[in-house]
Amino acid sequence: MNPDHSLIQSYFQNLSHRQLEQMEQLAALYQDWNSKINVISRKDMDHFYIHHVLHSLGIAKVIAFSPGTKVLDIGTGGGFPGIPLAILFPDAHFHLVDSIGKKVAVVKDVARQLGLKNVEAQQARAESLNRTYHFVVSRAVTQMEKFYPWVQRKFRKEDIHKDFPNGVFYLKGGEVDEELEALDLNYVPYFLEDYFKEPFFETKKVIYIPYEGKR
């Protein structure tokens, strides 16, 4: 496994000593959990910081979550993109949700060992949640036609980011136009190859979908 967390520092140069420590700890924590249950594919662990941590932080190249922002991470799996984002934005609150209990147990343990007070992990289905949020984040858990109905009533009325109305930041690879246009949604793609030089990001995007429901 490549333990080179300095890759993260090269793209996010204003990290505090504490944040750098937390980024460094991630590899050992996930390596340990992966020896017990299959959180991340064994092959992917060889590229942990690129495929999981840096990919998650692609969202942070598009938006910096303000203090007090409430973010829902749907289908978080072992904690992506929520855990790396929570390290980067300690004054925002992250609610990480997955339907698989073993994965939620991993998230809870990782957050505890990293001392992340801004992370709440819960075993639940997205459609069962009653709270509202400023933003929803996810790593392509399913087709957008299934995903968007889960979240379209979960946005707060007040916007707290002047550049981005409340909405979805969705990490996605490959083509998305047909999938999104079928739902008649406005969206903006951000191409991660514009921010990161690694070949892995050549087809990766952050899709921003502003919430346009009734206020």
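Me: Which residue in strand 7 is the bridge partner of V168?
Reply: I209 is the bridge partner of V168. Note that this is a predicted model.

Me: What makes strand 5 and strand 7 a pair?
Reply: Pairing needs at least two bridges. Strand 5 and strand 7 (residues 204-210) are joined by 7 bridges, so they count as paired. The two run antiparallel.

Me: Why are strand 3 and strand 6 called edge strands?
Reply: The sheet is open, with 7 strands in the order 3-2-1-4-5-7-6 and mixed pairing. Strand 3 (119-123) and strand 6 (188-191) each have a single partner strand, so one side of each lacks a neighbour in the sheet. On average, neighbouring strands here are turned by 20 degrees against each other, direction ignored.

Me: What packs on this sheet?
Reply: Helix 8 does, touching strand 1 (70-74), strand 4 (135-139), strand 5 and strand 7. The direction of helix 8 makes about 160 degrees with that of strand 5.

Me: Why is helix 2 called oblique to helix 4?
Reply: Helix 2 (residues 17-34) and helix 4 (residues 48-56) pack at about 120 degrees, with axes 12 Å apart. Roughly perpendicular covers 65 to 115 and roughly antiparallel is over 145, so the angle counts as oblique. The contact residues divide into 7 nonpolar, no polar and 1 charged.

Me: How do you know that Q152 is partly exposed?
Reply: Q152 has 27% relative accessibility. Buried means under 20% and exposed over 50%, so Q152 falls in between. Q152 sits in the loop between helix 8 (144-151) and strand 5 (167-173).

Conventions. Residues are numbered from 1 along each chain as its sequence is written. This is a predicted model: local features need pLDDT of at least 70, side-chain atom pairs count only at pLDDT 80 or more; totals for chains, interfaces and linings use all residues. Side-chain values use heavy atoms; hydrogens and water are left out. Helices (H or I, at least four residues) and strands (E, at least two) are DSSP runs, numbered from the N terminus. Buried means under 20% relative accessible area, exposed over 50%, partly exposed in between (1.4 Å probe, protein chains only). Axes are lines fitted to C-alpha atoms, for helices over the stretch in contact, and angles run from 0 to 180 degrees between N-to-C directions. Angles under 35 degrees count as roughly parallel, over 145 as roughly antiparallel, 65 to 115 as roughly perpendicular and the rest as oblique. Ala, Val, Leu, Ile, Met, Phe, Trp, Tyr, Cys and Pro count as nonpolar, Asp, Glu, Lys and Arg as charged, and the others, Gly among them, as polar. Contact means heavy atoms within 4.5 Å.
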